[in-house]
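This report walks through one protein chain, part by part. Keep the sequence and the model open while reading.

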Amino acid sequence: MKKLISIIFFIPGIVLGADLSSLKEIARKWDSQPHYSKTKATYIKEDADFEDQIPLTLVILKGSGWTSKEVLSKLKRTQEIFAQCKISLFPVLLIKTKNANGHVVNYDYHDFPDTVLADYELENTPALSKPVVYFLSKEEDNRYGAGVSWPPIHPWGKADPQIRNSVLLYRSKALRAKNNTSLSETKPGFYEVLAHELAHILFDEPHLKSEGHIMSTPTKVRTNNIKPYQCQRARDFFL
Ligand SMILES: [Zn+2]
């Protein structure tokens, strides 16, 4: 089904039941945190394809290089991929904000959570709804992947409610062809990294040594396919 996506800025009263004052209130909450300022909150208006819906919060850090167009096309591909489960990732709250520490995060995955929490004050993030995805920039560095996520099954996801169900997505690698694909392009080694990182969270699942699905490892055998039992896990955990 073709889906129209548009962003509503100033249409009070019909923004998915939220009026302009509540969006301003959300922005104010972000701006009241020490590391965030100049926040703008909008709802992405679209028609949900399915009754089963899981809401998302998307946060674009100003200066990261991510454009709304890039983020919305990743969202659209990811919604198309989760349509395999007859689940709509909806409604979507889009936050654009400025972080005092910038748009780059340098951290050691094995030294988490201290550096990430310190860089982004994620313990104070006013994200009202999770899963939440932060769209970041990062210095080119081959040690890091296109994204990282903390599902409940992850030791830190388990231990830290602040970081649980959060995703970080790094622009330069996330936009590479092999990490930026739709369901119609499904072939081994090509997958949508936003869908993959969200799948960690929605399925509460690690990488699996079986071929041809969204959680397959190594990445050369990973695709955008979702297995029926994985859809069931998302239903069990999030619906
Ligand atoms: Zn992964």
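## A buried loop residue

N165 sits in the loop between helix 4 (155-159) and strand 7. Helices (H or I, at least four residues) and strands (E, at least two) are DSSP runs, numbered from the N terminus. The model is a predicted one: local features need pLDDT of at least 70, side-chain atom pairs count only at pLDDT 80 or more, and totals for chains, interfaces and linings use all residues. Residues are numbered from 1 along each chain as its sequence is written.

N165 is not a glycine, yet its phi is positive, about 65°. Most residues other than glycine have a negative phi. N165 counts as buried because it has 25 C-beta neighbours inside 10 Å. A residue is buried if 20 or more other C-beta atoms lie within 10 Å of its own, exposed if 12 or fewer, and partly exposed in between; C-beta atoms are placed from the backbone.

## The chain overall

The chain has seven helices and seven strands. Along the sequence they follow the pattern β-α-β-β-α-β-α-β-β-α-β-α-α-α. The chain has 239 residues, and 39% of them count as buried.

Take the contacts between residues at least 6 apart in sequence: 72% of them join residues at least 24 apart. Two residues are in contact if their C-beta atoms, placed from the backbone, lie within 7 Å.

## Strand 7

Is strand 7 enclosed or open? Five of its five residues are buried, so strand 7 is largely enclosed by the rest of the structure. In a regular strand the side chains alternate between the two faces of the sheet. Both faces of strand 7 are covered: S166, L168 and Y170 are buried on one side, V167 and L169 on the other.

Strand 7 runs parallel to strand 5, with five bridges joining them. Here V132 stands opposite S166. Strand 6 (residues 147-150) runs antiparallel to strand 7, and four bridges join these two. S149 has V167 as its bridge partner in strand 7. Two strands pair if DSSP finds at least two bridges between them.

## The nonpolar core

The largest nonpolar core holds 50 residues. Such a core is a set of buried Ala, Val, Leu, Ile, Met, Phe, Trp, Tyr and Cys residues joined through C-beta atoms within 7 Å. L58, V59, V133, Y134, F135 and L169 touch the most other members. Among the elements that give two or more residues to this core are strand 2 (36-45), strand 3 (53-61), helix 2 (68-82), strand 5 (132-136) and strand 7 (166-170). Helix 6 gives the most, with eight residues.

What does L169 touch, leaving out residues up to four places away in sequence? Its contacts are V133, Y134, F135, L136, A146, G147, A174, V193, L194 and E197.

Helix 6 is largely enclosed by the rest of the structure, because 11 of its 11 residues are buried. Just after helix 6, D204 takes a positive phi of about 50°.

Helix 1 has 12 residues and spans 16 Å from first C-alpha to last, close to the 16 Å expected at 1.5 Å a residue. The expected span is 1.5 Å times one less than the number of residues. L23, I26, A27 and W30 are its buried residues. Seen down the axis, they fall within an arc of 95°, so they line one face of helix 1. That arc is taken over the directions from the helix axis to the C-beta atoms. These buried residues pack against strand 2 and strand 4. On the other side of helix 1, S21, E25 and R28 are exposed.

## Backbone and loop details

Two cis peptide bonds deserve a look. One runs from F90 to P91, with omega near -5°, and P91 lies in strand 4. Another joins T217 and P218, with omega about 5°. P218 lies in the loop between helix 6 and helix 7 (228-238).

K86 lies in the loop between helix 2 and strand 4. K86 has a positive phi of about 55° although it is not a glycine. With 12 C-beta neighbours inside 10 Å, K86 counts as exposed.

G65 lies in the loop between strand 3 and helix 2. It is partly exposed, with 15 C-beta neighbours inside 10 Å. Beyond four places away in sequence, G65 touches S137 and R171.
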